[in-house]
Each structure stands twice: as C-alpha cells, then as structure tokens.
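Trainee: I have a structure open and a few things to ask about it. Can we go through it piece by piece?

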Amino acid sequence: MGVRNPLKTTVCALALALGIGALAAPAMAEDAIKIAVVTHGQSSDTYWTVVKKGVDDAAKLMGVDVTYQAPQTTDMVAEARMIDAAVAQKVQGLVVSIPDADALDKSVKAAVDAGIPVIVIDSGEDEVPKTGAKLFVGTTNYFEQGARAAKQLLAAGVTKGVCANHEAGNLVNESACDGFIKVMGANGDRVEVSMDPTDTAGRMKAYLSAHPDVNGILALGAPSAANIVHALRDSGTLPK
C-alpha cells in the first residue's frame, strides 16, 4: 500500500467542497481516497440538490470515493452521528456544514483529532478556528444579507415585514433573520416555517391572520419561497 499524500487529500476535499474539478489531477497509483460529505440540508431542498451534484461531479473528476449524507429533516443529532460514523470509518477527508455549533463541534473536533482534514461548507464559518478545520467555503455574513434584504423591502414600500425561517435553529438562518429585524426594528418579526408545503401554508395562514398588517416576507431559500407564494395564492392574498 502506497503512502497517502495529505496534500492531495486536502485538495480533493477542497474540490468537492467547491463542487468543481478544476484542480483535478491524474489518478495516482494508490488506494482510492475516501471522502465523506455530511450536511444538514434536506434532500427536498433544491439548494442541496445542486450541492450534491457538484460533489458528485468533482468526485468523478478527481477520481476519489465519496459518500454524501444528510438527515431527511433538519436534525443536528442525526448529523452528528453521521459525522461520527465517517470518523469511525477512517475516511481521509471530511466536508461538513455546521449550522449548530453546540450540537456539532464535538464531532468535528473528533474528526480533526483523528487526523482527518475537515472543510466546512455553507454554515459554520466561525467554527473553523474553534474546531481546527482547514477552511470555510460558502457565503459569509448572513446578518448583513438579512439586513440588506430588509433595506430592499423598505425601499419597495414594505411597512411591516417578517423573516420566514425554514430551518429553525440553523445559526446562519437565525443570523439572517437577526439582520432583517435589526433594520426593520419594531416593524420586523420572524416566523418558523418548514420545507413541507402543507405545513408552511398552515403556519403562514395562522401568522398572517394574527398579523394582518404584514406586507413583506423574507424567505431564506428558493423552495421555502415557492411554498410561501403558493400558500398566499391559495389563500387569495396573492393573485394566481
């Protein structure tokens, strides 16, 4: 068995995190490098479908063995167990999302302590130095994004706005809502929805019934936005 190249392992993991194969190199004469990708995203979310497609494409181009896992619903305990299982399987690289530091940092640190290069994607930028992960790949400063969205809604004439969070407890989503409410002030609020269209419709109907003066909604993802729009159209709030 040949000696593994730590740099190649990290480069492969980075290519997977980026979802690209631009760093691809000819396969080396060694056992296939095994990399695990574990995220919190729901399989029904088109955002994570695209992420997985990028992972699959990069894995093929890099010539590495990759497993992609995510809980069926937002479940930090399940994600932590998946990370722990990847460590137990002694993968050579790990790509993770960290939407909840309290629930996941321990498992990520265990991976680092086991000598596994870890790259954080999507959420958990602040946890990179805390856990010893290599780097973060994703959008930064969700607070500012939420604040920017609020400013755009205000400029469009919105007087009462609500941030609809489809992943309650996800630190980056909560941060975006925090930024939104910071700008909206007393005219801003938040409501928890989900990825289920029926559940989201029921929650939005109940919320808007109790807050009839709301005339602007910030959704934090395309599927969530589509569910909310459908709910508003079905209730007659928006034209079909």
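Mentor: Start with a side-chain pair: N165 and E174 are joined by a polar contact of 3.4 Å. Keep in mind that this is a predicted model.

Trainee: Where does N165 sit, and is it buried or exposed?

Mentor: N165 is in strand β6, residues 161-165. Its relative accessibility is 3%, so it counts as buried, the cut-off for that being under 20%.

Trainee: What else is N165 in contact with, leaving aside neighbours within four places in sequence?

Mentor: Besides E174, N165 is in contact with N173, C177, V191, E192, V193 and L220.

Trainee: Switching to charges. How many salt bridges does the structure hold?

Mentor: Six. One of them is between D178 and R190, at 2.5 Å from N to O. D178 belongs to helix α7 and R190 to strand β7 (residues 188-192), so this pair ties together parts twelve residues apart in sequence.

Trainee: Are those two buried or exposed, or something in between?

Mentor: In between. D178 counts as partly exposed because its relative accessibility is 35%, and R190, at 31%, counts as partly exposed too.

Trainee: Which salt bridges sit within a helix?

Mentor: D56 and K52 make one, with the closest N and O atoms 2.9 Å apart. Both residues lie in helix α2 (residues 46-62), four residues apart, which is about one turn of the helix. D56 has a relative accessible area of 35% and is partly exposed; K52, at 34%, is partly exposed as well.

Trainee: And the other one?

Mentor: D199 with R203, where the closest N and O atoms are 3.0 Å apart. That pair lies in helix α8 (residues 197-210), again four residues apart and about one turn. D199 counts as partly exposed at 28% relative accessibility, and R203 counts as partly exposed at 34%. Separately, salt bridges that share partners join E174, D178 and R190 into one network.

Trainee: OK, helices then. How long is α6?

Mentor: Helix α6 covers residues 142-155, which is 14 residues. From its first C-alpha to its last it reaches 20 Å, close to the 20 Å expected at 1.5 Å a residue.

Trainee: Which of its residues are buried?

Mentor: Y142, G146, A147, A149 and A150. Seen down the axis of α6, these buried residues fall within an arc of 160 degrees, so they line one face of the helix.

Trainee: What do they pack against, and what is on the other side?

Mentor: The buried residues of α6 pack against α7 (171-184) and β8 (216-219). On the other side of α6, K151, Q152 and A155 are exposed.

Trainee: Which residue just after α6 has a positive phi?

Mentor: G157, with a phi of about 100 degrees.

Trainee: Last topic, the strands. Why call β1 enclosed?

Mentor: Strand β1 (residues 34-38) has five residues and four of them are buried, so the rest of the structure largely encloses it.

Trainee: Which strands does β1 pair with, and in which sense?

Mentor: β1 pairs with strand β2 (residues 65-69) in the parallel sense, over five bridges. With strand β3 (residues 93-96) the pairing is also parallel, over four bridges.

Conventions:
Residues are numbered from 1 along each chain as its sequence is written. This is a predicted model: local features need pLDDT of at least 70, side-chain atom pairs count only at pLDDT 80 or more; totals for chains, interfaces and linings use all residues. Side-chain values use heavy atoms; hydrogens and water are left out. Helices (H or I, at least four residues) and strands (E, at least two) are DSSP runs, numbered from the N terminus. The expected span of a helix is 1.5 Å times one less than its number of residues. Buried means under 20% relative accessible area, exposed over 50%, partly exposed in between (1.4 Å probe, protein chains only). The arc is that of the directions from the helix axis to the C-beta atoms. Contact means heavy atoms within 4.5 Å. A salt bridge is a side-chain nitrogen of Lys or Arg within 4 Å of a carboxyl oxygen of Asp or Glu. Two strands pair if DSSP finds at least two bridges between them. A polar contact is a pair of N or O atoms within 3.5 Å; within protein, one must be able to donate a hydrogen and the other to accept it, and residues adjacent in sequence count only if both atoms are side-chain atoms.
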